[in-house]
Amino acid sequence: MKKGIIALALVLSLYACKKDSTSVIDTPVSTIRINNLAADTIIGITPGAPPTGGMPYGAGKYTFFSLENNKIIPNSDSASTKWDIGFRGTTIITNSGNSGPATGGAFIYVGLFDGLKTIHADSVFKVDNAPSAYAITSGSNRGWFVYDGINNLVNPIPGRVLVIRTASGKFAKLEILNYYKGGVTPAASASDAIKINAQRYYTFRFTFQPNGTKVF
Amino acid sequence: MRIYLFLFVFFIFSNLSAQQIDTIAGSGNEIVVTATRTERKLSNVAIPVTLINQKTIQQAGSVRINDILQEQTGLFLTNGFGTGVQMQGLNPDYTLILVDGQPLVGRTAGVLDLNRISVGNIKQIEIVKGPSSSLYGSEAMAGVINIITDQSKSNKLKLSARYGSFNTGDFNIDGSFRKNKFAYQGFGNIYNTDGFSIRPNSTERSIAPIKRYTMQHNFNYYFTDKTNLLFNFRMNNENITNLISVNNNGNTISSKGFEKNKDFNATLQLTHRFNNKIKNIARLYGTRYESTQELVTSTRVPYTDYFKQQFGRIENQTDFTINNQVELNTGFGYAIETANSTRYDNSNNTKINHIGFAFVQTEWKPITPLTLIAGARFDNNELYAAAFSPKLALQYKATKKISLKASIGRGFKAPDFRQLYLNFTNIAAGGYSVYGALEAQKTINELNRLGQISSIENDFYSLNNLQPELSTGINIGGNYAINKKINFSLNLFHNNIENLIDTRLVAYKTGGAQIFSYINVKNAYTKGIETNVDFKANALFTISGGYQFLLTGDKDEIEKINAGKVFTRDANGFSRLMQRSEYIGLANRSKHMANLKFQYEKNSWFTNLRFIYRSKWAITDTDGNGLFNTNDAFAKGYLQVNTALGKTFMSKLSVQIGCNNLLNYEDPSNLPNMAGRTFYTTLSYQFLKNKTKNRII
């Protein structure tokens, strides 16, 4: 029985490859994995104790990234159309609305990364209206992550794909895999110091479609 | 208490001919009262009941009620806001805790801390499983635990002292006095512990130093053989001190926490038997729970938390013995419940609820082996919708060895004051707020008018008057006395829980702070098998064991899984669809729980060895999909072994030594209340014990 399923899967995948290689002629899309993208990592803790103090803070700067060119864009180019998305803590901005000069945007697709083959024609790309509304909704359990308040950990929600309209008006899909250094979430029992210092390092994978279509 | 008052009532008025022994009241030695609100032989109750007697409690070396409950099949003691009990997989919120038939109040986050109850004067503990709101009203959704204190029939005085690890001392005085028409029973308990910490490098103790004082006085006056007046009061005070030291980036901030809890209850009860068919009990009951917590930090203004709950009830119960086959019990009453707290809008603002209720139950024995029970109760509340709770039960004694039981009942839990009125903002953690359902509508509308609300979530519109949470429970089982040595019992249970109240995000403040409130949203189930075996190897040696298999689930979560909307992650961290088989249901539940006890008694000696096992349970949703599945974090299953040894000298002096957690099992993060291996020794002395004439009504 199991063998039968494997054989069937093999046949199906061969068929799928065949279909892909014939229909997407110009540029076969590739999926790239980015590890440890620092996103305004913690540089200190305000003196005192909560609620007035004891809060970890970063430099307050976004890390900008170009999906089209697969590289980090210097912060000095924040007002340019060179970047597609920016990361600061758990907030992700798109080069759209009041976040940047381009006409990017995004929405969150619920489902599997590999399952998203075509962006549906009816899909609405949202634009940033910081700080109250982002194309990729900020906050726990609203967008891409859920905050575990008991253990003080941020977990990306599985089955969330960020569908992005880049600065150049092309399309990409992106899945966040982890929020901690090395792509490994610290243990619930880890010390606060470990949890603070390991956070704000994104591991994600993305597929950029350079031909401008909504098909991956 | 009722047991004592009505003891043997049926025997007086019936001739003890062989045929009549198996009346509704039944035969056998063990009598329980909780399942039907009337005395019944344990072997004759159509509802699953566990009875723990005084001897079992003492020989287990228990100090607080939770010590003995944790050794019972299917009960798990939870920690967090005190020690609560999980029954048939339902949270502590849903088990009604009674002392002498009357409810205790003062729950924190739904948990009534069982540490408040000393076992020093307990005669027996009755555990009724399955919804029992048809007799008891709110909170009896999973079942009822009734703690029945000793009301001795003799003149006696007993002192006992126990000392053990962590400087834990427990001292009891228990005495009774009887003369003519008057009877008095008094009890005092002092408990003191230094507490302990099993977390390394932490000055904060997981069990803080505690001092507790409990006393209970019980007065009875028998006007005639048919009329009795009872006055009972009980007091429990506790003082807890905790030194908390927070190390924050090199700065150590020390603070001192003080907690004072006061608990008081009083009963005035008049029992009168009109004739051999009608008995009436009129009762006035009042209780108060007051809790003050103070956190003093060197650098800041002290934080104070105050909570007071009061409950008063007047009720009347009439029992009609129509004939040997039919008995009818009816009752009605009125209760007032109030609460004041700094957790509400204003602690001077008293929150009040009025409840009127009536119940009726009939027990019918059409033929000797069959007992049928039908009952219902109606609770009308000022603050939320009324609740109607019916129950049906039957017992069929198929043969002398086999008896079968089945029952179906409805239970409910009224929304508590917290769920209605809480007004709490956590400034330390991002400024989120939690408002009770009534408070939320008022406050959010007001904040919205002032322009302080940035967005309102869909759930805001479902905020309405909260409905009671409901359960429908079915219990089917039986008892098989294989021979004189082996007894086997089995119970299958299924609880369908509707309207569960959960916190939901209802709005955002400008600036992003979240506002949560309470809504009736969840539907869940718990189902399983409970089985117990007793094996009496010979006159000296007994083995008893129990096992519970439990499955739980949230119905909305299962629907989402079946619809393919729930994901988890594979080894690469990539999302994948979660399978139904990976779903494990509600957190903090163990699929397997078991206990095994070896007991040896010879002459004035006894010794026992007790094993308690609990399989792993889910603690955190680490894969972020919002429910609990095999990919999440679990606490490890564990085995706890306890043992005790004792001897009684000349029927007066008893000496007992014991060791709990013999294997020294520790899990600081998941079982902070479980100390490593601890030792104790107990001495008790019975000064006098004179039998006096029994008074029976």
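These are my notes on a predicted model, taken while looking through its chains.

**Ground rules.** I count residues from 1 along each chain as its sequence is written, with chains lettered from A and ligands numbered from 1 in the order in which they are written. Since this is a predicted model, local features need pLDDT of at least 70 and side-chain atom pairs count only at pLDDT 80 or more, while totals for chains, interfaces and linings use all residues.

**Confidence.** I noted ipTM 0.83 and pTM 0.88 for the model. I take a contact as two residues whose C-beta atoms, placed from the backbone, lie within 7 Å.

**Chain A.** I get two helices and 13 strands here; helices (H or I, at least four residues) and strands (E, at least two) are DSSP runs, numbered from the N terminus. Of its 216 residues, 34% count as buried, meaning 20 or more other C-beta atoms lie within 10 Å of a residue's own C-beta, placed from the backbone (12 or fewer is exposed, in between is partly exposed).

I then looked up a four-stranded open sheet in chain A, antiparallel, in the order β5-β4-β6-β7. Its edge strands, β5 (71-73) and β7 (91-94), each pair on one side only; pairing takes at least two DSSP bridges between strands. β4 (residues 63-66) and β6 (residues 85-88) of chain A share three bridges, and F65(A) stands opposite I85(A) in β6(A).

**Cores.** I use "nonpolar core" for buried Ala, Val, Leu, Ile, Met, Phe, Trp, Tyr and Cys residues joined through C-beta atoms within 7 Å. The largest has 57 residues, and I68(B) and I147(B) have the most contacts inside it. Leaving aside neighbours within four places in sequence, I147(B) touches I65(B), L98(B), V99(B), I117(B), I122(B) and I125(B). Another core lies apart from it, with 42 residues, including F65(A) and Y201(A).

**Helix α7(B).** I checked residues 437-449 of chain B: 13 residues, reaching 19 Å from first C-alpha to last, close to the 18 Å expected (1.5 Å times one less than the number of residues). Buried in this helix are A437(B), L438(B), E439(B), A440(B) and I444(B). Their cover includes α6 (417-421) and β27 (486-509) of chain B. After α7(B) comes G451(B), with a positive phi near 75 degrees.
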